[in-house]
Amino acid sequence: MNFIISGYGDGSQPTIKRYQNQQVTWTSCIPNPSFLCETEHFLFAVGEFDDHCTITSFSKDKPGCPQIDTVTLEGTCLCHLSAHPEQHFLAGSCWGNGLFFTISYNADGTFGDILYQEYQSDGTGRTSRVHCALILSDSIYAVNIELDLILCYHLENGIPVPYSRLSLPSGTGPRHIYANTRDRLFYCVTEYSSQLLTIDYSSPEEMKLLSVQSLIDPSFSETSYGSSLAVTADLKHLYAANRGENTIAHFLLDTNGMPVFSDRSSCLGNWPRHIALIDHDQCLAIANQKSGEVVFLSRDCHTGILGQEAFLTIPLEGASFVGEV
């Protein structure tokens, strides 16, 4: 079981840890690496700060995964990166000030030019916050949590060209999306309304919202915020995390890719910020930010039901990311 985790921390102790067969093989102490992004040759780590942001690159090809380069950018609270390894650029999403950008990187992992940057707006002057950008072939779909928008851009040599946008119900707060490329569907977790949205993107110029489903139990009366989701490789199961209710909602995906609620499990901690399927979908890993640990739950590969107890728990201050390597 090989995975990597990261969390908020000042860098006085390891904030990124890579594991192989559940043993630590590499660490880094850069501050606030709230999100990680990998290509075949490189690891890129976000540095999330209130007044600026950084991206740090590491070489996966050299012994010890040495740090290569760090770039500082004007975006604030950078919280997500996507990579286009063929065109050698990264797309960044800034929650703090709504900056959406692409930046090139060189064959040696050093950073190049800023190719594009835009402070996203809906024309009303409202606060803008970008939380996620998904690269699909020659397009990028950026999710603006505060403006309730999904914006589609065509790519021209790493430069996004605005193409279309989908307005979502006001106040939902779209946060994290996954693309089911077989059925041409987006699954989107909303932060403010704790819902799962299913969106048809088969015609990118005219995306359509197909369904809205709650992630929380109807009896739960307190505030909860949806965070992230994970989908099995066979496109039969979807999991979505709730911060506040502190649960993982499990949906079955039908033959058309539409989600049907199945069951709900505890995240076994506080504030599940990020989740990922690990070890050929045999388990679900949960980064619980406020309780400071990453927990691993087994899953029944037929029913999709998660185990009720963690078979592995790794303490990590401000745990914010977990992913398979």
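Ser137 takes a positive phi near 55 degrees in the hairpin of strand 12 and strand 13, which has two residues between the strands. The model is a predicted one, where local features need pLDDT of at least 70, side-chain atom pairs count only at pLDDT 80 or more, and totals for chains, interfaces and linings use all residues. Residues are numbered from 1 along each chain as its sequence is written, and side-chain values use heavy atoms, with hydrogens and water left out.

Leu136 stands opposite Ser139 in strand 13. Strand 12 is mostly covered, with seven of its seven residues buried, where buried means under 20% relative accessible area, exposed over 50%, and partly exposed in between (1.4 Å probe, protein chains only).

In the loop between strand 11 and strand 12 sits Arg129. Arg129 counts as buried because its relative accessibility is 18%. Its side chain reaches the backbone oxygen of Trp95 at 3.2 Å. Leaving out residues up to four places away in sequence, Arg129 touches Cys94, Trp95, Gly96, Gly98, Val143, Asn144, Ile145 and Glu146, contact being heavy atoms within 4.5 Å.

Next comes an open sheet of four strands, in the order 8-9-10-11, with antiparallel pairing. Its edges are strand 8 (78–84) and strand 11 (111–119), each of which pairs on one side only. On average, neighbouring strands of this sheet are turned by 20 degrees against each other, direction ignored. Strand 10 (residues 99–105) and strand 11 run antiparallel, joined by six bridges, and Leu99 stands opposite Tyr119 in strand 11.

What about the cysteines? A search of the whole structure turns up zero disulfides, a disulfide being a pair of cysteine sulfur atoms within 2.5 Å. For Cys77, the closest cysteine sulfur is in Cys79 at 7.9 Å, so the two are too far apart for a bond. Cys77 is also buried, with a relative accessible area of 8%. Cys283 is likewise in no disulfide, the nearest cysteine sulfur, that of Cys301, being 9.4 Å away. Cys283 is buried too, at a relative accessible area of 2%.

Note on methods. Two strands pair if DSSP finds at least two bridges between them. Axes are lines fitted to C-alpha atoms, for helices over the stretch in contact, and angles run from 0 to 180 degrees between N-to-C directions. A polar contact is a pair of N or O atoms within 3.5 Å; within protein, one must be able to donate a hydrogen and the other to accept it, and residues adjacent in sequence count only if both atoms are side-chain atoms.
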